[in-house]
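Hi,

Here is the structure I promised to pass on. Below it you will find my notes on what turned up, with the cut-offs spelled out along the way.

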Amino acid sequence: MSALTAGTAALRAAARPTRRGRKKSKPRDEKRDGVERTLFGVPERFMRPRLILLATVAILVGFGVLMVYSASSVTALNDTGDSAYYLKRQLGFVAIGTIAAVVLAKVDYRLWVKRLMLPIWVFTVLLLILVLVVGTDNDMGANRWINLGFFDLQPSEFAKITVIFTAANLAQRYFEEGSLDWATFLKLLIVGVAAPLFLIVAQPDKGTTMVIALTLLVMGYLAGMPKLLLLGLFVAGAVAFVFLSVSDAYSFQRLKTMLDPWSDRYDTGWQLVQGFYAFGTGGLFGVGVGFSRQKYAYLPMAHNDFIFAVIGEECGLVGTLGVLAGFAVLLWAGYQIARHAPDLSGRLLAAGCTSIVLIQLLLNVSGVLGVFPLSGKPIPFLSYGGSSILASLMLVGLIASVSIHSKLPETVHDGARKSLRSVDGGTGGRGGLSFVGEVVPRSEGGRTGDLAREGSGGLHVVEGGGKTRKNTRGRGGRRGKAPASSSGSRRRVDLGPNATERLRGRNGSGSRGRR
């Protein structure tokens, strides 16, 4: 019995490694031989969030076009005689915005953030000044547009991109390059950011100002600015917003309407109350796309500022939550792209462009739900508006540009790997891991021994290593003399007898020696 017990225990002990081996073999499907999986020839950590971002934006834009047509058909038919009038214009803006996004994605984002940042900033400031001089209000109570005849341009939508460029550029120069001191950094940041914001507030457009200010706080937090400074700026901005809202009669009325829209339900509270009716009618699953009742001249700006209320009526609570979930996925993808960006300016650009889209969405939704004063800001990708859809798609193009150009510069070690000659005598190619985005299978790294026997001159020791160890281990583990090197033969690179020796520094002391 003792022998049987001992044999059973031995079998169990022999079986344990097999089970453990099976469990540990699963990750090899995802990362075979230590080589990262690729999608369409690009490392998965770059391509996956890029594809998710583009797919999510395409779905949101397609759904937005559908809802614009549904919400505007009655108004367009009454005003123009063509129920698809706003649909056709929105499709045209989407086409132009898509072309602009593709161009921005193809061009390296560093061109805009570093080389052309100043000309872009000057051009944006001139447009904002032009709005104050010859701008039109489009019966909205604020001069925010420049009438171009076929299109009303809203420069504040594009100023958001310029401010993100400015903040990313200055943060890169101060936090990463160290070419600016703290005083100069603050001065340039105040001038570069305060000037556009002041011109936007003067229109007045407090909604855009708030969106930009909150985005800058997010970028400052990610860049590593002092948290107390950011908190102080947030409190100062909140106080300034309250002061402007109270001092301006139009903004003060919006604040009172938010607090009690039923006090004047047939005048100042009409739009908000009709939005509540739309949500209440929609219920859980909605009345169906195209069957909204509020769009029949009951709900003003149904296809623009209040398109979220029409979505709630036609698609119900499920539809509104689906929209929020789509933007949440966009947030994840954008921040994943920012996480793998090669430099600070790329990280801040991707994070800033993503954040400003989400902040504007939350500002619109909170206003339509009556938990924040109405700002007049449209929902990106969903609401009707040429400047809005163009600027939103350009933001997506910039995020994609960061993803596409997320490759680190070549190091001295990468150059050494590129110098390795393949077995057939070729150089470069897949033999060198020159960029992060290029993957080399481990099997190719095993050709080193064959390369040494070829006698080519490509392999060399990087950063020192001029001394040769006197004793090395042979195939049998015995110590022997290292092979002599000559000008006509390749010298063997000795990595040491064990891992501890390989970790030793140039002075011969390893990590264990420092105690």
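Trp-182 counts as partly exposed, at 32% relative accessibility, whereas Phe-185 is buried at 2%. For these labels, buried means under 20% relative accessible area, exposed over 50%, and partly exposed in between, with a 1.4 Å probe and protein chains only. Please keep in mind that this is a predicted model: local features need pLDDT of at least 70, side-chain atom pairs count only at pLDDT 80 or more, and totals for chains, interfaces and linings use all residues. Residues are numbered from 1 along each chain as its sequence is written, and side-chain values use heavy atoms, with hydrogens and water left out.

Both of those residues lie in helix α8 (residues 182-201), three residues apart, or about one turn of the helix. Helices here are DSSP runs (H or I, at least four residues), numbered from the N terminus, as are strands (E, at least two).

How many aromatic pairs does a search of the whole structure find? There are 13. Trp-182 and Phe-185 form a tilted one, 5.7 Å centre to centre with 35 degrees between the planes. The rule is that rings of Phe, Tyr and Trp (its six-membered ring) pair if their centres lie within 6.5 Å; planes under 30 degrees apart count as stacked, over 60 as edge-to-face and the rest as tilted. Ring pairs also link Trp-182 and Phe-185 with Tyr-174 and Phe-175 into a cluster.

Phe-241 and Phe-372 make a stacked pair, because their ring centres are 5.8 Å apart and their planes are at 15 degrees. Phe-241 lies in helix α10 (residues 227-247) and Phe-372 in the loop between α14 (344-368) and α15 (386-404), so this pair ties together parts that are 131 residues apart in sequence. Phe-241 is partly exposed at 22% relative accessible area, and Phe-372 is partly exposed at 25%.

Now to α14 itself. Of its 25 residues, 23 are buried, so the helix is largely enclosed by the rest of the structure. At 1.5 Å a residue, α14 should span 36 Å, and its end C-alpha atoms are 36 Å apart, which agrees; the expected span is 1.5 Å times one less than the number of residues. Just after α14, Gly-370 takes a positive phi of about 80 degrees.

Best wishes
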